[in-house]
Amino acid sequence: MLPDTTASTPYAGLTPEAVLDALDAVGLRGDGRLLQLNSYENRVFQVFLEDGSVVVPKFYRPERWSDAQILEEHAFSLELAAAEIPVVAPLVLAADFDGALEARVIGEPGTLAHLDTPADTRLAVMPRRTGQSPELDNDATLEWIGRFLGRIHAVGRTRAFDHRRSLTVATYGSASREWLAQHDALPDDARNVWFSAVDGALDAARAAFDDCADAAQIRLHGDCHPGNLLWTPQGPHFVDLDDAVNGPAVQDLWMLLSGERASMARQLRALLSGYEQFSDFDRRELRLIEPLRTLRMIHHSAWIAQRWADPAFPIAFPWFAGSAYWQQQAIQLREQIAAMAEPPLSLRDDY
């Protein structure tokens, strides 16, 4: 039985009228048109304003991030934008007390609003950016993306996050495993097989990270999958730094690789041909691709379980509570153990 560990309806009061009132509270007047966008973790909308512009307000899930963590993400986005890197950064807000809600804006500059609601709703607003999915089978596209990732990491290397978490086996793997164990989140007939597999996978991931213990931990996008890239004729736009972390540079590269080993080698070579024009890449981190994939799998399972009381999650993941999911995850974790035992991906694997 999955536990009820979060507020069961964290966004129940977020009606269209409430969204428009929230924007009024920070001086942004909607014209009444809005559209909810896909987002499980937060609630995100596209809203048309009276001045003809379009913005994307994001309402943060309660208790996930502290104010300091959110503002650190915002500061990183603004730092990247100031370096002319196409990252969608939050707008600077100003409290406006003429509407139905009052807001307190914090940050230097002020990018995070606390709204005067019983839940102390927190809001950031981004400009709308449009684009399409990048063609990741095109080497020129990958090289272009790689150049911007190199520029992002060149900025990210200048200092670490103080408040946001770091991507390690402990934070993403062991902590997820322990949460699931402590909250009795797995069906009884899947517990032993899954925990046996996850413990073996964590041991293998830990050994790989130990081999790269002195690799640099830098500020990262953290969740740089194709869905967080918008492609335009001018190149990529990077969106949604909500999972920004300290971690190894390869974390922002491996989710852009797909297919068989030879295909991934070709894609990686194209990415790095652009990346290394702006930032060094430690080849030892190629050893971490499969461990990072493993940690993402474990963390994803815990993330769904932790959000299960939110009505959106059983609808989106109806198969999650059954034994079949966990049995399949155990099989995939064993496959990951085998993958982590293989030699790391090489740039020459398709030659």
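Predicted model: local features only at pLDDT ≥ 70, side-chain atom pairs only at ≥ 80, totals over all residues.
Residues are numbered from 1 along each chain as its sequence is written. Local features need pLDDT of at least 70, side-chain atom pairs count only at pLDDT 80 or more, totals for chains, interfaces and linings use all residues, and side-chain values use heavy atoms, without hydrogens and water.

**Nonpolar cores**

A nonpolar core is a set of buried Ala, Val, Leu, Ile, Met, Phe, Trp, Tyr and Cys residues joined through side-chain atoms within 4.5 Å, where buried means under 20% relative accessible area with a 1.4 Å probe, protein chains only. The largest such core has 77 residues, and Ile145, Leu149, Leu180 and Phe238 have the most contacts inside it. Helix 5 (residues 188-211) gives the most to this core, with ten residues; helices are DSSP runs (H or I) of at least four residues, numbered from the N terminus. Another core, of 21 residues, lies apart from it and includes Phe45, Val55, Leu93 and Leu115.

**Contacts of two residues**

Contact means heavy atoms within 4.5 Å; the table leaves aside residues up to four places away in sequence.

| Residue | Contacts |
|---|---|
| Leu149 | Cys224, Phe238, Asp252, Leu253, Leu256, Tyr275 |
| Ile289 | Val250, Trp254, Leu257, Leu345 |

Ile289 lies in helix 8 and is buried, with a relative accessible area of 5%. Its C-alpha atom is separated by 7.6 Å from that of Gln251, 38 residues apart along the chain.

**Helix 5 and helix 8**

The contact between these helices is made by residues including Val198, Leu202 and Phe209 of helix 5 and Pro291, Leu295 and Ile298 of helix 8. The residues of this contact divide into ten nonpolar, one polar and no charged; Ala, Val, Leu, Ile, Met, Phe, Trp, Tyr, Cys and Pro count as nonpolar, Asp, Glu, Lys and Arg as charged, and the others as polar.

Terms used: Buried < 20%, exposed > 50% of the residue type's maximum accessible area, 1.4 Å probe, protein only. Helix = DSSP H or I, 4+ residues; strand = E, 2+ residues; numbered from the N terminus.
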